[in-house]
Amino acid sequence: MSTVPRNRRTSIPDIRARKGGEPLVCLTAYTTQMARLLDPHTDLLLVGDSLGMVLYGFDSTLPVTLDMMIAHGAAVMRGAGRACVIVDMPFGSYQESPQQAFRNAARIMAETGAGGVKLEGGEALAETTRFLAQRGIPVCAHVGLMPQAVNTAGGFRATGRSEAEARQVTRDAEAMAEAGAFAVVLEGTLEPVAAAITAALPVPTIGIGASPACDGQILVAEDVFGLFSDFTPRFVRRYADLGSQIATAAAEYAADVRARRFPGPEHCFLPKAAARSAG
Ligand code: KIV
(Lines give C-alpha, C1' and ligand atoms only; values in the text may rest on other atoms or scores of the structure.)
Protein backbone atom coordinates (compact mmCIF):
# COMPACT_ATOMS: atom_id res chain seq x y z
CA MET A 1 0.00 0.00 0.00
CA SER A 2 1.17 3.49 -0.79
CA THR A 3 1.81 5.80 2.17
CA VAL A 4 0.12 8.70 0.34
CA PRO A 5 -3.44 9.41 1.61
CA ARG A 6 -6.02 8.37 -0.98
CA ASN A 7 -7.52 11.88 -1.12
CA ARG A 8 -4.47 13.58 -2.55
CA ARG A 9 -2.21 13.16 -5.54
CA THR A 10 1.23 11.59 -5.12
CA SER A 11 3.78 14.40 -5.42
CA ILE A 12 7.30 14.46 -6.77
CA PRO A 13 8.74 14.65 -3.20
CA ASP A 14 6.60 11.56 -2.33
CA ILE A 15 8.20 9.69 -5.24
CA ARG A 16 11.66 10.93 -4.29
CA ALA A 17 11.12 9.84 -0.67
CA ARG A 18 10.51 6.24 -1.73
CA LYS A 19 14.25 5.74 -2.35
CA GLY A 20 15.18 2.41 -0.74
CA GLY A 21 11.61 1.92 0.56
CA GLU A 22 8.56 0.08 -0.71
CA PRO A 23 8.99 -0.42 -4.47
CA LEU A 24 7.31 2.21 -6.67
CA VAL A 25 4.51 0.77 -8.80
CA CYS A 26 4.46 2.45 -12.21
CA LEU A 27 2.66 1.76 -15.49
CA THR A 28 2.10 3.64 -18.71
CA ALA A 29 -1.32 5.14 -19.51
CA TYR A 30 -2.36 7.00 -22.63
CA THR A 31 -6.13 7.45 -22.20
CA THR A 32 -8.60 8.68 -19.58
CA GLN A 33 -10.25 5.28 -19.16
CA MET A 34 -6.98 3.38 -18.72
CA ALA A 35 -5.83 6.04 -16.23
CA ARG A 36 -9.08 5.56 -14.24
CA LEU A 37 -8.50 1.81 -14.09
CA LEU A 38 -4.83 2.00 -13.11
CA ASP A 39 -4.90 5.02 -10.78
CA PRO A 40 -5.97 3.17 -7.59
CA HIS A 41 -3.14 0.66 -7.98
CA THR A 42 -0.17 2.77 -9.04
CA ASP A 43 2.15 5.42 -7.60
CA LEU A 44 3.12 6.84 -10.98
CA LEU A 45 1.47 6.83 -14.41
CA LEU A 46 3.73 7.58 -17.34
CA VAL A 47 2.29 8.99 -20.54
CA GLY A 48 5.08 7.33 -22.50
CA ASP A 49 6.00 8.15 -26.06
CA SER A 50 5.65 4.37 -26.55
CA LEU A 51 2.09 5.44 -27.43
CA GLY A 52 3.46 6.08 -30.93
CA MET A 53 4.01 2.34 -31.37
CA VAL A 54 1.19 1.01 -29.16
CA LEU A 55 -1.66 3.34 -30.20
CA TYR A 56 -0.56 4.83 -33.52
CA GLY A 57 1.20 1.83 -35.10
CA PHE A 58 4.54 3.55 -35.79
CA ASP A 59 7.70 1.38 -35.98
CA SER A 60 9.49 3.55 -33.42
CA THR A 61 8.78 6.45 -31.06
CA LEU A 62 10.47 8.99 -33.33
CA PRO A 63 7.36 10.28 -35.19
CA VAL A 64 5.56 11.20 -31.94
CA THR A 65 4.86 14.94 -31.66
CA LEU A 66 4.58 17.36 -28.77
CA ASP A 67 0.89 17.92 -29.55
CA MET A 68 0.22 14.17 -29.33
CA MET A 69 1.94 13.99 -25.94
CA ILE A 70 -0.01 17.01 -24.67
CA ALA A 71 -3.38 15.62 -25.83
CA HIS A 72 -2.73 12.23 -24.20
CA GLY A 73 -1.18 13.82 -21.09
CA ALA A 74 -4.33 15.90 -20.53
CA ALA A 75 -6.52 12.82 -21.13
CA VAL A 76 -4.62 10.83 -18.50
CA MET A 77 -4.81 13.69 -16.00
CA ARG A 78 -8.62 13.67 -16.41
CA GLY A 79 -8.67 10.00 -15.37
CA ALA A 80 -6.08 9.94 -12.57
CA GLY A 81 -6.68 11.59 -9.21
CA ARG A 82 -4.06 9.94 -7.07
CA ALA A 83 -1.07 8.76 -9.08
CA CYS A 84 1.75 11.13 -10.00
CA VAL A 85 1.47 11.69 -13.77
CA ILE A 86 4.64 12.17 -15.82
CA VAL A 87 4.65 12.95 -19.55
CA ASP A 88 7.43 11.94 -21.96
CA MET A 89 9.11 14.65 -23.99
CA PRO A 90 9.07 13.38 -27.58
CA PHE A 91 12.07 13.10 -29.89
CA GLY A 92 13.24 16.48 -31.16
CA SER A 93 11.45 18.51 -28.49
CA TYR A 94 14.38 18.90 -26.05
CA GLN A 95 17.71 17.82 -27.54
CA GLU A 96 18.53 21.11 -29.29
CA SER A 97 19.12 23.31 -26.24
CA PRO A 98 18.05 23.81 -22.61
CA GLN A 99 15.92 26.74 -23.81
CA GLN A 100 14.06 24.59 -26.37
CA ALA A 101 13.56 21.93 -23.69
CA PHE A 102 12.21 24.50 -21.23
CA ARG A 103 9.78 25.99 -23.76
CA ASN A 104 8.33 22.58 -24.63
CA ALA A 105 8.36 21.17 -21.09
CA ALA A 106 6.55 24.31 -19.89
CA ARG A 107 3.85 23.70 -22.52
CA ILE A 108 3.46 20.11 -21.32
CA MET A 109 3.18 21.20 -17.68
CA ALA A 110 0.78 24.09 -18.36
CA GLU A 111 -1.47 22.31 -20.89
CA THR A 112 -1.72 18.91 -19.13
CA GLY A 113 -1.33 19.70 -15.42
CA ALA A 114 1.11 16.75 -15.13
CA GLY A 115 3.59 16.57 -12.26
CA GLY A 116 6.72 16.44 -14.40
CA VAL A 117 8.36 15.32 -17.62
CA LYS A 118 10.64 12.46 -18.61
CA LEU A 119 13.46 12.76 -21.10
CA GLU A 120 15.90 10.25 -22.52
CA GLY A 121 19.62 10.84 -22.23
CA GLY A 122 22.46 10.79 -19.73
CA GLU A 123 25.59 12.92 -19.51
CA ALA A 124 24.75 14.77 -22.72
CA LEU A 125 21.38 15.93 -21.32
CA ALA A 126 22.57 16.72 -17.78
CA GLU A 127 22.88 20.46 -18.46
CA THR A 128 19.31 20.49 -19.86
CA THR A 129 18.01 18.58 -16.84
CA ARG A 130 19.67 21.08 -14.48
CA PHE A 131 18.19 23.99 -16.46
CA LEU A 132 14.67 22.54 -16.20
CA ALA A 133 14.91 21.39 -12.57
CA GLN A 134 16.17 24.82 -11.44
CA ARG A 135 13.19 26.47 -13.19
CA GLY A 136 10.39 24.44 -11.63
CA ILE A 137 10.14 21.49 -14.01
CA PRO A 138 10.59 18.12 -12.31
CA VAL A 139 12.58 15.79 -14.57
CA CYS A 140 12.60 12.01 -14.58
CA ALA A 141 15.65 10.79 -16.51
CA HIS A 142 15.64 7.73 -18.78
CA VAL A 143 18.98 5.97 -19.37
CA GLY A 144 20.23 2.55 -20.50
CA LEU A 145 18.26 1.38 -23.51
CA MET A 146 16.89 4.62 -24.95
CA PRO A 147 14.25 3.96 -27.63
CA GLN A 148 14.62 7.46 -29.17
CA ALA A 149 18.27 6.52 -29.93
CA VAL A 150 17.26 3.38 -31.86
CA ASN A 151 19.05 4.56 -35.00
CA THR A 152 22.39 5.31 -33.33
CA ALA A 153 22.20 2.13 -31.21
CA GLY A 154 21.27 0.01 -34.27
CA GLY A 155 18.20 -1.52 -32.59
CA PHE A 156 16.60 -2.17 -29.22
CA ARG A 157 19.11 -4.14 -27.11
CA ALA A 158 19.99 -4.35 -23.43
CA THR A 159 23.02 -2.43 -22.24
CA GLY A 160 25.74 -3.00 -19.66
CA ARG A 161 27.20 -6.20 -21.13
CA SER A 162 30.69 -4.79 -21.66
CA GLU A 163 32.78 -2.83 -19.14
CA ALA A 164 32.51 0.25 -21.35
CA GLU A 165 28.70 0.03 -21.57
CA ALA A 166 28.40 -0.52 -17.81
CA ARG A 167 30.60 2.51 -17.15
CA GLN A 168 28.59 4.65 -19.60
CA VAL A 169 25.15 3.81 -18.20
CA THR A 170 26.48 4.40 -14.66
CA ARG A 171 27.92 7.77 -15.65
CA ASP A 172 24.64 8.67 -17.39
CA ALA A 173 22.51 7.82 -14.34
CA GLU A 174 24.86 9.62 -11.95
CA ALA A 175 25.05 12.73 -14.14
CA MET A 176 21.24 12.98 -14.35
CA ALA A 177 20.76 12.49 -10.60
CA GLU A 178 23.47 15.05 -9.88
CA ALA A 179 21.78 17.49 -12.29
CA GLY A 180 18.53 17.29 -10.30
CA ALA A 181 16.47 14.45 -11.81
CA PHE A 182 13.97 13.28 -9.17
CA ALA A 183 14.09 9.66 -10.44
CA VAL A 184 15.90 7.68 -13.11
CA VAL A 185 14.26 5.11 -15.38
CA LEU A 186 16.75 2.34 -16.14
CA GLU A 187 15.71 0.44 -19.25
CA GLY A 188 17.22 -2.83 -20.53
CA THR A 189 20.18 -2.83 -18.15
CA LEU A 190 22.02 -5.89 -16.84
CA GLU A 191 21.08 -6.78 -13.26
CA PRO A 192 24.47 -6.22 -11.54
CA VAL A 193 24.84 -2.84 -13.25
CA ALA A 194 21.29 -1.80 -12.29
CA ALA A 195 21.91 -2.96 -8.71
CA ALA A 196 25.15 -0.95 -8.47
CA ILE A 197 23.50 2.17 -9.92
CA THR A 198 20.54 1.84 -7.53
CA ALA A 199 22.91 1.54 -4.57
CA ALA A 200 24.89 4.59 -5.70
CA LEU A 201 22.06 7.00 -6.59
CA PRO A 202 20.34 9.24 -4.01
CA VAL A 203 17.10 9.16 -6.06
CA PRO A 204 14.87 6.19 -6.94
CA THR A 205 15.64 4.05 -9.95
CA ILE A 206 12.60 2.74 -11.84
CA GLY A 207 13.44 -0.39 -13.79
CA ILE A 208 12.09 -1.80 -17.02
CA GLY A 209 14.09 -4.89 -17.86
CA ALA A 210 16.56 -3.84 -15.18
CA SER A 211 15.91 -6.40 -12.39
CA PRO A 212 14.16 -6.25 -8.99
CA ALA A 213 17.16 -4.40 -7.56
CA CYS A 214 15.60 -1.11 -8.73
CA ASP A 215 13.54 1.09 -6.38
CA GLY A 216 10.46 0.61 -8.56
CA GLN A 217 9.19 -1.06 -11.71
CA ILE A 218 7.46 0.23 -14.83
CA LEU A 219 5.94 -1.60 -17.79
CA VAL A 220 3.83 -0.65 -20.78
CA ALA A 221 0.25 -1.39 -19.63
CA GLU A 222 -0.75 -2.89 -22.99
CA ASP A 223 2.11 -5.43 -22.67
CA VAL A 224 0.94 -6.37 -19.17
CA PHE A 225 -2.68 -6.86 -20.25
CA GLY A 226 -1.99 -8.61 -23.58
CA LEU A 227 -3.35 -5.73 -25.65
CA PHE A 228 -0.38 -4.83 -27.85
CA SER A 229 1.15 -7.72 -29.79
CA ASP A 230 1.49 -11.49 -29.52
CA PHE A 231 5.19 -11.05 -28.74
CA THR A 232 5.95 -10.73 -25.03
CA PRO A 233 9.39 -9.24 -24.36
CA ARG A 234 11.57 -11.14 -21.84
CA PHE A 235 11.20 -8.40 -19.22
CA VAL A 236 7.37 -8.42 -19.28
CA ARG A 237 5.05 -10.59 -17.21
CA ARG A 238 1.61 -10.77 -18.85
CA TYR A 239 -1.13 -10.59 -16.21
CA ALA A 240 -4.10 -10.85 -18.59
CA ASP A 241 -4.87 -11.76 -22.19
CA LEU A 242 -7.40 -9.06 -23.01
CA GLY A 243 -6.44 -9.06 -26.71
CA SER A 244 -7.83 -12.56 -27.25
CA GLN A 245 -10.91 -11.76 -25.11
CA ILE A 246 -11.61 -8.76 -27.38
CA ALA A 247 -11.14 -10.91 -30.51
CA THR A 248 -13.59 -13.53 -29.17
CA ALA A 249 -16.15 -10.87 -28.20
CA ALA A 250 -15.85 -9.18 -31.64
CA ALA A 251 -16.41 -12.54 -33.39
CA GLU A 252 -19.54 -13.21 -31.26
CA TYR A 253 -20.90 -9.73 -32.02
CA ALA A 254 -20.27 -10.21 -35.74
CA ALA A 255 -22.04 -13.60 -35.70
CA ASP A 256 -25.04 -12.15 -33.80
CA VAL A 257 -25.42 -9.19 -36.19
CA ARG A 258 -25.18 -11.44 -39.26
CA ALA A 259 -27.80 -13.86 -37.81
CA ARG A 260 -30.07 -10.95 -36.65
CA ARG A 261 -29.70 -12.13 -33.02
CA PHE A 262 -28.57 -8.59 -32.14
CA PRO A 263 -30.21 -6.21 -31.40
CA GLY A 264 -32.83 -8.03 -29.29
CA PRO A 265 -36.21 -6.59 -28.27
CA GLU A 266 -34.63 -5.21 -25.07
CA HIS A 267 -32.31 -3.01 -27.15
CA CYS A 268 -35.08 -1.44 -29.25
CA PHE A 269 -37.01 1.80 -28.71
CA LEU A 270 -40.71 1.01 -29.14
CA PRO A 271 -43.74 3.31 -29.28
CA LYS A 272 -45.23 3.70 -25.73
CA ALA A 273 -48.33 1.57 -26.34
CA ALA A 274 -46.33 -1.29 -27.85
CA ALA A 275 -43.83 -1.11 -24.97
CA ARG A 276 -46.70 -1.36 -22.37
CA SER A 277 -48.18 -4.45 -23.98
CA ALA A 278 -44.70 -6.03 -24.43
CA GLY A 279 -43.84 -5.33 -20.73
O1 KIV B 1 7.66 5.42 -23.53
C2 KIV B 1 7.52 4.65 -22.57
O3 KIV B 1 6.48 4.02 -22.39
C4 KIV B 1 8.64 4.51 -21.64
C5 KIV B 1 8.57 3.44 -20.59
C6 KIV B 1 8.44 2.11 -21.14
C7 KIV B 1 9.62 3.56 -19.58
O8 KIV B 1 9.57 5.24 -21.72
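In this predicted model, the backbone oxygen of Y30 lies 2.8 Å from a polar atom of the H72 side chain. H72 itself belongs to helix α4, which spans residues 66-79. With a relative accessibility of 12%, H72 counts as buried, because the cut-off for that label is anything under 20%. This contact is a handy place to start, and the wider layout of the chain comes next.

The chain splits into two domains: domain 1 covers residues 12-240, and domain 2 covers residues 244-278. Between the C-alpha centres of domain 1 and domain 2 there is a distance of 44 Å.

Strand β3 runs from residue 84 to residue 88, and five of its five residues are buried, so the rest of the structure largely encloses it. The side chains can be sorted by direction: C84, I86 and D88 point one way, V85 and V87 point the other way, and all of them are buried. On the pairing side, β3 is joined to strand β2 (residues 44-47) by four bridges, and these two strands run parallel. Within that pairing, L44 has C84 as its bridge partner in β3. Strand β4 (residues 116-120) also pairs with β3 in the parallel sense, here over three bridges, and I86 stands opposite G116 in β4.

Strand β5 (residues 139-144) runs parallel to β6 and is joined to it by five bridges; here C140 stands opposite A183. Four bridges link β6 with strand β7 (residues 205-208), again in the parallel sense, and L186 stands opposite G207 in β7.

The residues around it are T28, L46, G48, D49, S50, D88, K118, H142, I208 and V220. Sorted by class, this shell holds three nonpolar, four polar and three charged residues. The protein covers 95% of the 260 Å² of accessible area that the ligand has on its own.

Finally, a few backbone details deserve a look. Most residues other than glycine have a negative phi, and most peptide bonds are trans. In S211, however, phi is positive, near 80°. S211 sits in the loop between β7 and β8 (216-219), and its relative accessibility of 16% makes it count as buried. R260 also has a positive phi, near 55°, and is found in the loop between α11 and α12. At 75% relative accessibility, R260 counts as exposed. The loop between α11 (242-258) and α12 (272-278) also contains P263, and the peptide bond leading from F262 to P263 is cis, with omega near 0°.

Notes:
Residues numbered from 1 in each chain as written. Predicted model: local features only at pLDDT ≥ 70, side-chain atom pairs only at ≥ 80, totals over all residues. Heavy atoms only, no water. Domains from an automatic or database assignment. Near = heavy atom within 4 Å. Areas by Shrake-Rupley, 256 points an atom, 1.4 Å probe, with all protein chains shown as cover. Nonpolar A, V, L, I, M, F, W, Y, C, P; charged D, E, K, R; others polar. Pairing = 2+ DSSP bridges. Buried < 20%, exposed > 50% of the residue type's maximum accessible area, 1.4 Å probe, protein only. Polar contact = N/O pair within 3.5 Å; in protein donor to acceptor, adjacent residues only side chain to side chain.
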